[in-house]
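Here are a few notes to read alongside the model. Have the sequence and the 3D view open, and take the points in order.

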Amino acid sequence: MAAPGENLKINADRLWDSIHEMAKIGPGVAGGSNRQTLTDEDGEGRRLFQKWCEEAGLTMGVDEMGTMFARREGTDPNALPVYVGSHLDTQPTGGRYDGVLGVLGGLEVIRSMNDLGIKTKHPVIATNWTNEEGARFAPAMLASGVFAGVIEQDWAYNRVDAKGKKFGEELERIGWKGDEKVGARKMHAFFELHIEQGPILEDEGIDIGVVTHGQGLKWLQVTITGKEAHTGSTPMPKRRNASLGMARVIELVHEVAMDYQPDAVGAVGHIEVYPNSRNIIAGRTVFTIDIRSPDKRVLDEMDARVREGIATICDALDVQYEIEQVGHFDPVTFDKGCVKAIRSSAKRLGYSHRDIVSGAGHDACWINRVAPTAMVMCPCVDGLSHNEAEEITKEWAGAGCDVLFHAVLETAEIVE
C-alpha cells in the first residue's frame, strides 16, 4: 500500500483549540478537569464532541455502554473500519490531556482528511470509550472491557459509585445509553494516541513513543488483623501490631519491584488503618498492592514472592492476614503491523522516536484482544498525569497527532 506523503500534516492549532474548548466543560479547581464518567459534565462533553463530529460530516453510533463511534465513510462498503480514539472522562482532579488528546486527535485526523480531500478504502471511526478512568465506577477501562468480552455487561451496569448510584442507571440518566450491541462492531485496526504519563520521553528529548507493549498488572487487597491495645502500657514483645505488618509489606513490595528492573514497578496505594487513633496500636489494616510488568513470567514471580513474604512477615509478628486479588490483566503485546505503521510514520515525518512500554492501562489494552492495535505516545511535562498540573505542549500534541494521522492513512489505504 502507498505511504502518505511526508508533507501531510494535521492542523495543530485546531487540535490545540479543541482540547482547551473541551476543558471548559467540567473545569477543575486548579486548571485541570473534573469530568467524571456519567456525570452531567460528561454528558455535556459528549454533546460537544458529537456537535464537532456532525460538523465534520460524520455519522454517530452509540452502543449500550455509551461508547461513541463517529464514522467517516470509505470507498469500499465491505472494508472493515480503522478505529482511532481514547476517552473523554477524567479523574476528579485530572488534567486536560489524558484521554482527551486521543479522542480529539482522532477527530483531527478526520478533519484533516476532509481539508485535504483524502479518500480511503476503509472507513475511519473516531471513538470515545466510556469510563476508561474508573474513578467513579471501578474498574477502569470498563466499556472497552465489555466490548472485548472480558467484562460482563450486566456486571458493569451494576457497578456503584461512592453514593450508591449504579452505572447503568446513570448512563440512562444522562441520555447516552445507545442501542448498539456492545462488541458487535468489527475492526480492521485500532489506534490510540495518549500522553506518556511518565518521564522517559521528556527526559530523553524524544518526540514520539512507539508503544510496543502494555504492562500487565495485579492488584492485591491485603487485610492484616492484629490486636488493638494501648500504645503506652503494652510491652513491645506483647504487641500484635497490624500497622507494623503493613509497613514491612510496603517495604517488601518495593524490594521485589527493584529486583526486576528496569520495567517492573510496585507500590502500596490505598491504605486504611483501624481504629486510626493516636494512642491505640492498630488492630487491623487494609491496603492495596499494585505490581506491574510487561513480562507475564516476571509478574507471576513478583506475585508469588509478595504472597510468600506476607506470610513470613505476618507469622513473625503473630498477626493474621487475608489476600484478595481485586484486579488483573496480563501484559499486552501490540500488533506488529500497527506498531510498524507508527514507527515508519514517525521516521517518515522526521520525528525522533523510541520504543516504549505503557506503564498504565488503556482502552487499547483490551481492544488488542479483538483487533490489531497499537498506541502512539507524546511526552508530558515531568511525566505528571492524573493531576490538574498535567501539561504538554502544542508541538508535542501536533507531532503525536501527525504520526497518528499517517499511521491511520497507511492502514486505511489512501485511494488515489
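1. A residue is called buried when its relative accessible area is under 20%, exposed when it is over 50%, and partly exposed in between (1.4 Å probe, protein chains only). Asp-98 has 5% relative accessibility, so it counts as buried. Glu-133 is buried too, because its relative accessible area is 8%.

2. Some ground rules: this is a predicted model, in which local features need pLDDT of at least 70 and side-chain atom pairs count only at pLDDT 80 or more, while totals for chains, interfaces and linings use all residues. Residues are numbered from 1 along each chain as its sequence is written, and side-chain values use heavy atoms, with hydrogens and water left out.

3. Which residues does UniProt list for "binding site"? The unreviewed entry gives Asp-98, Glu-133 and His-386. They are spread over 289 residues of sequence yet cluster in space, with a largest C-alpha distance of 9.6 Å. Please keep in mind that UniProt positions are given in the numbering used here, feature names are shortened, and annotations may be inferred rather than shown by experiment.

4. Asp-98 sits in the loop between strand 3 (82–86) and helix 3 (100–116). Helices (H or I, at least four residues) and strands (E, at least two) are DSSP runs, numbered from the N terminus. Leaving aside neighbours within four places in sequence, the contacts of Asp-98 (heavy atoms within 4.5 Å) include Glu-133, His-194 and His-386.

5. Glu-133 belongs to the loop between strand 5 (124–128) and helix 4 (142–147). Not counting residues up to four places away in sequence, Glu-133 touches His-87, Asp-89, Thr-90, Gln-91, Asp-98, Ala-140 and His-386. The side chains of Glu-133 and Gln-91 are also joined by a polar contact of 2.9 Å. A polar contact is a pair of N or O atoms within 3.5 Å; within protein, one must be able to donate a hydrogen and the other to accept it, and residues adjacent in sequence count only if both atoms are side-chain atoms.

6. Next, the annotated domain. The unreviewed UniProt entry places "domain: Peptidase M20 dimerisation" at residues 215–310. This span is 33% helix and 35% strand, and its end C-alpha atoms lie 24 Å apart.
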